Amino acid sequence: MSSPTGPAHGLPVRMPRPRQPGRHRRPEPAAAPAGAPPLVLAVPGTPGVAARRLAEESLSIARSELPGLDAHVGYVDADGDTEDFPALDAVLARIASRRAARASEARDPESGETATDAWAQAPDAVVVPLLAGPDSAVLRRIRQSLMNSGSASELTDTLGPHPLLAEALHVRLSEAGLARADRARLFTVATAADGIVLATVGGEEAVQAAGITGMLLSARLAVPVLAAALDEEGAVARAADQLRGSGSRSLALAPCLIGPEVDETLTAMAAKEAGCAAAEPLGDYPAIGKLALAKYAAALGIAVQPAPQGASVR
């Protein structure tokens with residue numbers, strides 16, 4: 001129980017910070033426009049508690065960046081439609097039905113015409129794949145869900161390649177003790193890798209996209225980075241051999257993956273095959289929610305206040 005002047009038992013309490021006056025204060029985030037279509041995060045892989053927690057955290061970040069955002073989770077590979085794990089096509093069908101009902105309610109009873117709506121020509125929803133890079137098999141299933149739903153929804157590109165993914169990979173490597181946490185500080189980490197295998201899934205297109213993020217990661221860490229496909233037999237081991245052949249001695253595997261889209265044992269097996277330690281997938285790193293929002297906003301032409309230059313996204 002806390003009093004107006006502080007906590008009752010000497011416990012710390014977080015007080016709201018006053019708004020910084022003057023032209024250097026950070027602008028308040030813009031609110032989502034009234035009537036704008038919802039964002040639907042399409043989550044691949046077998047639905048589970050970890051996947052749900054990750055998706056909800058990502059949407060929480062997106063909502064904090066754009067207050068009032070209507071956001072939902074739809075599972076691409078759900079076995080049926082349940083309250084805990086709603087199927088993507090069912091989520092989209094419900095959204096389309098609600099929008100049609102609102103349009104019907106707004107229809108003028110005399111003329112039969114629908115009242116002017118700034119979002120009348122917008123898609124029913126904007127579907128953002130929870131993927132770090134292109135995966136044709138998953139994207140095909142998402143498009144099929146859009147067709148099955150009967151909704152007029154728009155599908156965005158995947159989240160990467162993007163500099164924020166390189167930052168997220170850097171953080172995951174540093175958390176595993178495989179990279180320096182801050183490139184601006186000149187301390188060393190005894191277990192820091194001098195070569196990185198960037199693991200992805202989705203075939204050659206995914207490897208090419210991960211390679212772009214890998215170049216950004218290489219620039220951050222000043223070590224060579226090679227992308228390889230987890231779903232191609234021996235690809236990770238070949239990338240590791242190539243790095244060792246060019247002089248790297250201590251390697252690390254960095255999954256360029258959100259997490260739910262691949263069986264976690266696949267990463268562990270690839271790291272063992274390559275003879276190196278592995279970092280965790282990107283997971284609920286805050287950049288994932290921000291990138292999902294950026295895809296949504298770009299699809300609708302909504303301006304979202306960017307974070308100040310140089311600010312941490314953690």
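**Exercise 1. Classify the burial of Tyr75 and Phe85 in this predicted model: buried or exposed?**

Solution. Buried means under 20% relative accessible area. Both Tyr75 and Phe85 are buried.

**Exercise 2. Find how many aromatic pairs there are, and classify the geometry of Tyr75 and Phe85.**

Solution. Step one: count. Step two: take the distance. The ring centres of Tyr75 and Phe85 lie 5.4 Å apart. The limit for pairing is within 6.5 Å. Step three: take the angle. The two planes stand at 80 degrees, so the pair is edge-to-face; that class needs over 60. Tyr75 sits in strand β4 (residues 71-75). Phe85 sits in the loop between β4 and α2 (88-105). They are 10 residues apart, and the pair links distant parts of the chain.

**Exercise 3. Locate Thr156, then state its burial and its contacts.**

Solution. Step one: Thr156 belongs to the loop between β6 (154-155) and α4 (163-175). Step two: its relative accessibility is 10%, so Thr156 counts as buried. Step three: leave out residues up to four places away in sequence. Thr156 then touches Val126, Val127, Val128, Pro129, Lys295 and Ala299.

How values were computed: Residues numbered from 1 in each chain as written. Predicted model: local features only at pLDDT ≥ 70, side-chain atom pairs only at ≥ 80, totals over all residues. Heavy atoms only, no water. Phe/Tyr/Trp six-rings, centres within 6.5 Å; stacked < 30°, edge-to-face > 60°. Helix = DSSP H or I, 4+ residues; strand = E, 2+ residues; numbered from the N terminus. Buried < 20%, exposed > 50% of the residue type's maximum accessible area, 1.4 Å probe, protein only. Contact = heavy atoms within 4.5 Å.
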